[in-house]
Amino acid sequence: MAEGKGDDDARSTNARPPVEDNIAERVKLEREARGWSTVTLAEKMAEIGHPIGQSAVWRIESGKPRRRVNTDEALGFCKIFDMTLDELASPPGQMANPIIRRLVGEYVELWKEWRSLGKSMDRVQDQLREYTKANPDQDTMVRNLLAHELDAASDGDFQRHQGARSRLIRWLGDAVNPSAADSGIDQ
């Protein structure tokens with residue numbers, strides 16, 4: 001089989017399509033924007049079913065020549081970085097500021113934690129509510145104790161805190177806002 005002139009040129013310069021360099025640079029920028037090590041990225045890839053070693057991540061980002069990215073790995077990077085394949089393959093200059101990407105990523109992670117904690121708090125609140133239904137004589141004491149502890153834990157800022165769950169505020173009622181009973185405000 002005869003080889004064409006283009007085949008010789010590509011082999012002699014070890015030329016790669018620009019898209020491969022874009023992916024390698026994007027992987028590095030996205031990883032760094034999130035403050036992840038190559039080990040962390042490799043672990044996250046394995047968690048979602050796209051295993052890749054830490055040394056492979058490093059070779060993709062920094063190797064001379066860079067290691068090629070296979071389709072499975074590219075799809076994994078898209079999942080991890082929450083982007084399309086087109087975004088992953090686009091020139092890194094088209095990416096948002098890495099600092100902004102890192103901050104947005106950090107915010108999203110904290111939001112997921114906050115949401116999970118909110119569900120846990122709701123579960124505990126439901127247990128407290130069940131307890132007070134079974135022991136109505138202790139209802140006021142439970143609400144007052146919880147309101148007091150929350151107020152103390154927040155240095156008196158619990159009532160004004162935007163993160164206070166409205167469901168909890170409604171349940172605590174007069175215990176968290178004694179003036180509401182006097183003013184006729186419906187909690």
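User: Which residues does valine 27 touch, not counting residues up to four places away in sequence?

Analyst: This is a predicted model, in which local features need pLDDT of at least 70 and side-chain atom pairs count only at pLDDT 80 or more, while totals for chains, interfaces and linings use all residues. Residues are numbered from 1 along each chain as its sequence is written, and side-chain values use heavy atoms, with hydrogens and water left out. Contact means heavy atoms within 4.5 Å. On that basis, valine 27 touches Leu41, Glu61, Phe77, Phe81 and Leu88.

User: Is leucine 41 buried or exposed?

Analyst: Leucine 41 is found in helix 3. Leaving aside neighbours within four places in sequence, leucine 41 is in contact with Val27, Arg31, Trp36, Val57, Phe77, Ile80 and Phe81. Because its relative accessibility is 0%, leucine 41 counts as buried.

User: How far apart are the end C-alpha atoms of helix 2?

Analyst: Helix 2 covers residues 18-33, and Glu20, Asn22, Ile23 and Ala24 are among its buried residues. The expected span of a helix is 1.5 Å times one less than its number of residues. For the 16 residues of helix 2 that should be 22 Å, which agrees with the distance between its end C-alpha atoms, 22 Å.

User: Which residues is proline 92 in contact with, leaving aside its neighbours within four places in sequence?

Analyst: Proline 92 is found in the loop between helix 6 and helix 7 (98-134), and counts as buried because its relative accessibility is 13%. Proline 92 and leucine 29 are 63 residues apart in sequence but 7.9 Å apart in space, C-alpha to C-alpha. The contacts of proline 92 are Asn22, Glu25, Arg26 and Leu29.

User: Which residue is joined to lysine 64 by a cis peptide bond?

Analyst: The omega of this bond is about -5°.

User: What is the phi of aspartate 82?

Analyst: Aspartate 82 lies in the loop between helix 5 and helix 6 (85-89). With a relative accessible area of 69%, aspartate 82 is exposed. Its phi is positive, in a residue other than glycine, and is near 55°.

User: Which helix gives the most to the lining of the largest pocket?

Analyst: On a 1 Å grid over the protein atoms alone, a pocket is an open set of points where a 1.4 Å probe fits, with protein on both sides within 12 Å along at least five of seven lines, and lining residues have an atom within 4 Å of a point. The largest pocket is lined by 15 residues, of which Arg34, Ile80, Gly105, Val108 and Glu109 lie nearest its centre. Helix 5 and helix 7 each supply at least two lining residues. The most, 8 residues, come from helix 7.

Terms used:
Helix = DSSP H or I, 4+ residues; strand = E, 2+ residues; numbered from the N terminus. Buried < 20%, exposed > 50% of the residue type's maximum accessible area, 1.4 Å probe, protein only.
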